[in-house]
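Student: Hi! Could you walk me through this structure in plain words?

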Amino acid sequence: MLTFYFSPGSSSMAPHIALHETGAPFEAKPLSFGKKETRTPEFLAINPNGKVPVLLVDGRVLTEVAGILFYLARVFPAAGLLPQGDIEAEAQVVSWMSYIASAIHPARRQGLEHAREVYAVADKRLGKNDWAVAGRYSIADIHLFRLYWRFRSSLEPEPGAFPNIEAHYARMMARPAVQRTIEIETKIGYVLPA
């Protein structure tokens, strides 16, 4: 049994997409930042950090985007979210996920110019490839997409500044799991922290 705690539009969007990619049944538990629902005693008993995402796996707590994405990719291999039988490609997925979490995610807080520099590195790293690793869609693509989706408008990139990431963004927006997640989260409403 999977129970998924998320806040629309937040980092939890990435595992939400992955859940739809796997087709696994799960119970969705949306929480509002605006109503401080991640700070309630009930939620803090589940995750003392007071953050989403949280995935309960038969009642056991799993947190952090990368951890949840990795879990879903391994438990549901038929979804093709992680290269199978290629340790180097799998390590490249972990490498991308680490870069996304350590460099891209905090970049906006270090200023707009710094964020643009970090995205320029990601754009160069992605290159003309359809997907981040080994020419195959993976959890790294989901993680990259979610952050670019969130900060795209605030980055105010000049046309052609991130051509590879923009092409990746368009490919991601065409995926049914992405469309479904955006539809669900839009209906709930985005109230994101600054």
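Predicted model: local features only at pLDDT ≥ 70, side-chain atom pairs only at ≥ 80, totals over all residues.

Student: Let's start with A134. Where does A134 lie?
Tutor: A134 lies in the loop between α5 and α6. Helices here are DSSP runs of H or I with at least four residues, and strands are runs of E with at least two, both numbered from the N terminus.

Student: Is A134 buried or exposed?
Tutor: A134 counts as exposed, because its relative accessibility is 53%. Buried means under 20% relative accessible area, exposed means over 50%, and partly exposed is in between, using a 1.4 Å probe and protein chains only.

Student: OK, back to A134. What is its phi?
Tutor: A134 has a positive phi of about 55°, although it is not a glycine. Most residues other than glycine have a negative phi, and most peptide bonds are trans.

Student: What about D58?
Tutor: D58 is not a glycine either, and it has a positive phi of about 50°. You'll find D58 in the loop between β3 and β4 (60-63). D58 counts as exposed because its relative accessibility is 52%.

Student: What does T38 touch?
Tutor: Setting aside neighbours within four places in sequence, T38 is in contact with S7, L31, S32, F33, F43, L44, G50 and V52. Contact means heavy atoms within 4.5 Å.

Student: And where is T38?
Tutor: T38 sits in the loop between β2 (27-30) and α2. T38 counts as buried because its relative accessibility is 4%. The C-alpha atoms of T38 and K51 are separated by 6.2 Å, and these residues are 13 apart along the chain.

Student: Let's switch to helices. How do α6 and α7 pack?
Tutor: α6 and helix α7 (residues 163-173) pack at an angle of about 105°, with their axes 10 Å apart. The axes are lines fitted to C-alpha atoms, for helices over the stretch in contact, and angles run from 0 to 180 degrees between N-to-C directions.

Student: So what do we call that arrangement?
Tutor: α6 and α7 are therefore roughly perpendicular to each other. Angles of 65 to 115 degrees count as roughly perpendicular, under 35 as roughly parallel, over 145 as roughly antiparallel, and the rest as oblique.

Student: Which residues meet there?
Tutor: From α6, D141, I142, L144, F145, Y148, W149 and R152 meet I165, E166, H168, Y169, M172 and M173 in α7. By class, this contact of α6 with α7 has nine nonpolar, one polar and three charged residues. Ala, Val, Leu, Ile, Met, Phe, Trp, Tyr, Cys and Pro count as nonpolar, Asp, Glu, Lys and Arg as charged, and the others, Gly among them, as polar.

Student: Tell me about E166.
Tutor: E166 lies in helix α7. E166 is partly exposed because its relative accessible area is 25%. Leaving out neighbours within four places in sequence, E166 is in contact with Y148 and R152.

Student: And α1, what's going on with M13 there?
Tutor: M13 has its place in helix α1. M13 counts as buried because its relative accessibility is 0%. Beyond four places in sequence, M13 is in contact with R146, W149, T181, I182, E185 and Y190.

Student: How about H20?
Tutor: H20 is in helix α1 (residues 13-22). H20 is partly exposed because its relative accessible area is 23%. Not counting residues up to four places away in sequence, H20 touches F26, A177, R180, T181 and I184. H20 and V178 are 158 residues apart in sequence, yet 8.0 Å apart in space, C-alpha to C-alpha.

Key: Residues numbered from 1 in each chain as written. Heavy atoms only, no water.
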